[in-house]
Amino acid sequence: MGDSDYNRDQNNLAIIPGQPGSAIKPLHYAGALDKGIINENALLNASSRSFGKYYVSSNVKPNVSVCVALKNSMNVPSVEVVNALGIQKTIENLKRFGITTISQNDYNLAIALGRYV
């Protein structure tokens, strides 16, 4: 349930759609691997940086492997992968995996982190 006190919050969080969070990151990496944008030996920049107007902070040094980035659910590499794949191809990839809850709000780099803007 949404709260320990049912009288205060009667939302059943088990059935309310929510943001997928980092659980979506492997799908982005799979799409980029499938399109040849990255490979299993690729190094990704994991340090804080801007992607146009979208800024992602990190306390990690650059150049981590795809495996390390995915294993540690790193945000900057995930945004880098989605940025390289492109928003349209990212959305197409998610639909290919059966994700049906995509809205116009998702057409931005925040989707790399499983968030809405």
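1. The protein chain of this predicted model exposes about 7,300 Å² of surface, of which carbon and sulfur atoms supply 49%. Of its 117 residues, 32% count as buried.

2. The secondary structure consists of four helices and four strands. Read from the N terminus, the elements follow the order α-β-β-β-β-α-α-α. Among the contacts with a separation of 6 or more, 57% join residues 24 or more positions apart.

3. Two packed helices are described by the angle between their axes and the distance between the axes. For helix H1 (residues 25-34) and H3, the axes come within 9 Å and cross at roughly 40°. The crossing of H1 past H3 is left-handed.

4. On the H1 side, this contact involves Lys25, His28, Tyr29, Gly31 and Ala32; on the H3 side, it involves Asn75, Pro77, Ser78, Val81, Val82 and Leu85. By residue class, the contact of H1 with H3 comprises six nonpolar, four polar and one charged.

5. Helix H3 spans residues 75-85, and its buried residues are Val76, Pro77, Ser78, Val79, Val81, Val82 and Leu85. Of these, Pro77, Ser78, Val81, Val82 and Leu85 are buried in H3 and also meet residues of H1. Just after H3, Gly86 adopts a positive phi of about 95°.

Methods. Residues are numbered from 1 along each chain as its sequence is written. This is a predicted model: local features need pLDDT of at least 70, side-chain atom pairs count only at pLDDT 80 or more; totals for chains, interfaces and linings use all residues. Side-chain values use heavy atoms; hydrogens and water are left out. Buried means under 20% relative accessible area, exposed over 50%, partly exposed in between (1.4 Å probe, protein chains only). Helices (H or I, at least four residues) and strands (E, at least two) are DSSP runs, numbered from the N terminus. Contact means heavy atoms within 4.5 Å. Accessible areas come from the Shrake-Rupley method with a 1.4 Å probe; for residues, only the protein chains shown count as cover. Axes are lines fitted to C-alpha atoms, for helices over the stretch in contact, and angles run from 0 to 180 degrees between N-to-C directions. A crossing is left-handed if the near helix is turned anticlockwise from the far one by less than a right angle, and right-handed if clockwise. Ala, Val, Leu, Ile, Met, Phe, Trp, Tyr, Cys and Pro count as nonpolar, Asp, Glu, Lys and Arg as charged, and the others, Gly among them, as polar.
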